[in-house]
Amino acid sequence: MIFIVAKFTVKPEWSDRWLDLTRDFTEATRQEPGNLWFDWSRSVDDPHQFVLVEAFHDDAAGSHVNSSHFSAAMKAMPQALVKIPEVISEKIDAEGWGPLGEMTMPE
């Protein structure tokens, strides 16, 4: 799968509206064939930073970046950003989330 983590630092006046700005993009991406997940989180240390964790089957990432909703998001998001997002994008040998091996649950 293609596993992507991106950090978005938004302008303070957009922090409370960021998820609204990205809602259509998020919902459309989650409906794409081959999308495994597309999940936003807000930093606990910086209220103006959002982290996007997304994954696609190997052959689905290309159609994602060529979609109309991706293009629309790339035009809409910069108005709210402090800087270009930082990203890690890797092809990994996995099918999804697995259990954290170092942890056990009480019985």
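Predicted model: local features only at pLDDT ≥ 70, side-chain atom pairs only at ≥ 80, totals over all residues.

1. Partly exposed here means a relative accessible area between the buried class, under 20%, and the exposed class, over 50%.

2. How many salt bridges does the structure hold? There are five. Three of these pairs are taken up in the points that follow.

3. Lysine 83 pairs with glutamate 86 in a salt bridge, with 3.7 Å between the closest N and O atoms. The lysine 83 side of this pair is partly exposed, at 42% relative accessibility. Glutamate 86 is also partly exposed, with a value of 38%. Each value lies between 20% and 50%, so neither residue counts as buried or as exposed.

4. Arginine 30 and aspartate 39 meet through their side chains in a salt bridge, at 3.5 Å from N to O. Arginine 30 has a relative accessibility of 42% and counts as partly exposed. Aspartate 39 is partly exposed as well, its relative accessible area being 35%.

5. Aspartate 20 is the salt-bridge partner of arginine 23, and their closest N and O atoms are 2.6 Å apart. Is arginine 23 buried, exposed or partly exposed? With a relative accessible area of 39%, arginine 23 is partly exposed.

6. An unreviewed UniProt entry places the feature "domain: ABM" at residues 2-91. In the model, the C-alpha atoms at the ends of residues 2-91 lie 4 Å apart.

Notes
Residues numbered from 1 in each chain as written. Heavy atoms only, no water. Salt bridge = Lys/Arg side-chain N within 4 Å of Asp/Glu carboxyl O. Buried < 20%, exposed > 50% of the residue type's maximum accessible area, 1.4 Å probe, protein only. UniProt positions renumbered as here; feature names shortened; annotations may be inferred. Helix = DSSP H or I, 4+ residues; strand = E, 2+ residues; numbered from the N terminus.
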